[in-house]
Amino acid sequence: MSQLKVLRNRIGSVRSTRKITSAMKMVAAARLRRAQNAAVDARAHVESVRASMRSLAHERKSLQQPHPLIDCPSQGAHVVICMTSARGLCGSFNANILRTAKKVILAKGEQKASVWVLCVGNKGYQSLSAMARLYPFMAVEKIGGDKDTPEEASQALEARLRDIMANKGLGSVQLIFAEFRSAIAQVVTSHVLVPLDDGAQEDDESVTSLKRDGVHLIEADEDSVFDDFAFYSIRRRCYHALLETLASEHGARMTAMDSATRNAGDMMSKLTLQYNRRRQAMITRELIEIISGAEAL
Amino acid sequence: MTTLSCRLTTPQQCVVEDNVDSVVLPGVDGDFAVMAGHSLLFTPLRQGVIRIGHKSYTISRGYAHVSATACRIMVESVDA
């Protein structure tokens with residue numbers, strides 16, 4: 001009898017776990033739709049900003065006008081911005097991002113650079129600050145709280161980068177985040193934010209038009225416009241990466257909770273089968289006992 | 001007449017993507033119009049009214065990048 005009761009309790013607990021995971025799946029699905037729209041709608045702006053920045057930076061470089069964000073001092077701080085989720089229960093989502101982040105950090109560390117890691121999202125901070133104890137070349141800090149909106153977090157990131165640039169100079173800035181493809185596919189992506197002209201290829205539309213049409217006319221004070229736009233582009237790219245990461249997180253959580261729900265269902269049917277077998281065996285045994293008792297009389 | 005492919009975006013969304021004859025922009029030193037074939041230009045924009053074709057939009061500050069065939073306008077917010 002006690003064995004049956006144990007089984008019954010287990011079935012009950014698996015059932016309530018399934019209820020929780022399926023509720024979490026539904027919450028993630030609802031949030032995913034909103035986050036997905038936000039991320040996809042925001043792509044046009046960041047593409048424009050990126051293309052403009054690239055052609056301006058490329059032009060500056062080819063005119064040999066030095067700028068600290070294009071000809072970066074190699075002894076300056078090498079910054080890695082790592083975007084993860086604040087909470088777990090989303091499968092291997094954070095682990096995938098962190099694997100790429102760690103690879104990038106170690107590669108930079110091998111070049112004897114001091115690496116500053118700026119984490120958005122608690123999960124990345126926890127894991128990378130544990131890693132920092134093993135590697136003295138890296139410093140890890142967390143940017144913003146877990147309740148910050150992408151706008152607030154990207155502002156905080158920009159402020160911190162301006163700070164580092166004023167104190168030490170920026171050697172490079174690399175951004176690691178999860179790009180949203182679909183609810184079941186998130187791609188860990190790494191973008192170079194500084195040097196600003198990174199990715200400007202010779203056959204690029206923005207670069208070829210430069211050759212054809214000559215140099216930009218920049219209204220107002222050229223240097224201050226360039227500086228402002230440089231940090232604006234960094235902030236907007238961080239903002240967009242945060243939106244992508246958020247959508248990816250909800251996608252990953254939805255998938256993880258979906259398979260958890262399915263697993264719980266499988267487990268329940270197995271346990272129920274076991275329970276019924278045991279119960280049937282017990283009934284049979286009791287019947288045999290009664291019959292053989294009756295025969296003995 | 002060739003047209004200018006114009007794209008007006010805010011950080012949240014793409015507001016307009018259209019081929020138009022001319023665009024009027026509120027530059028920091030005053031309003032100006034661009035048409036197809038304009039030389040390369042990059043300028044900050046002040047708060048004001050943008051006219052794309054026949055439609056007007058009120059924008060907060062932003063940037064505009066003009067080339068011979070395209071005009072990218074990146075602003076913080078738009079009121080149609």
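A:Leu4 touches A:Tyr275, A:Arg278 and A:Arg279, leaving aside residues up to four places away in sequence, where contact is defined as two C-beta atoms, placed from the backbone, lying within 7 Å. This is a predicted model, in which local features need pLDDT of at least 70 and side-chain atom pairs count only at pLDDT 80 or more, whereas totals for chains, interfaces and linings use all residues. Residues are numbered from 1 along each chain as its sequence is written, while chains are lettered from A and ligands numbered from 1 in the order in which they are written.

A:Leu4 belongs to helix H1 (residues 2-41) of chain A; helices (H or I, at least four residues) and strands (E, at least two) are DSSP runs, numbered from the N terminus. A:Leu4 counts as exposed because 12 other C-beta atoms lie within 10 Å, given that a residue is exposed at 12 or fewer such atoms, buried at 20 or more, and partly exposed in between, with C-beta atoms placed from the backbone. From A:Leu4 to A:Ser22 there are 18 residues in sequence and 27 Å in space, C-alpha to C-alpha. Chain A is divided into domain 1 (2-23 + 264-296) and domain 2 (25-256), with bounds that come from an automatic or database domain assignment. Their C-alpha centres lie 54 Å apart.

Chain A also contains paired strands, a term that requires DSSP to find at least two bridges between the two strands. Strand E1 (residues 77-83) of chain A runs parallel to strand E4 (residues 170-182) of chain A, the two being joined by six bridges, and within this pairing A:Ile81 has A:Leu175 of E4(A) as its bridge partner. E4(A) is also joined, by nine bridges and in the antiparallel sense, to strand E5 (residues 185-194) of chain A, with A:Glu179 opposite A:Val187 in E5(A). E4(A) and E5(A) make up a hairpin with two residues between them. In a regular strand the side chains alternate between the two faces of the sheet.

Not counting residues up to four places away in sequence, A:Val117 touches several residues, among them A:Cys82, A:Ile105, A:Leu128 and A:Val140. A:Leu128 is one of the buried residues of helix H4 (residues 122-132) of chain A, which include A:Tyr125 and A:Ser127, and the buried residues of H4(A) pack against E1, helix H3 (93-110), strand E2 (115-120) and strand E3 (138-142) of chain A.

The contact between the chains takes 21 residues from chain A and 22 residues from chain B. On the chain B side, strands E1 (4-9), E5 (41-45), E8 (62-66) and E9 (70-75) each supply at least two residues, and E5(B) provides the largest share, four residues. E5(B) also pairs in the parallel sense, over two bridges, with strand E6 (residues 217-218) of chain A, where B:Phe42 is the bridge partner of A:Ile218. Within chain B, E1(B) pairs in the antiparallel sense over six bridges with strand E2 (residues 14-20) of chain B, B:Arg7 standing opposite B:Glu17 in E2(B), and E1(B) and E2(B) form a hairpin with four residues between them.
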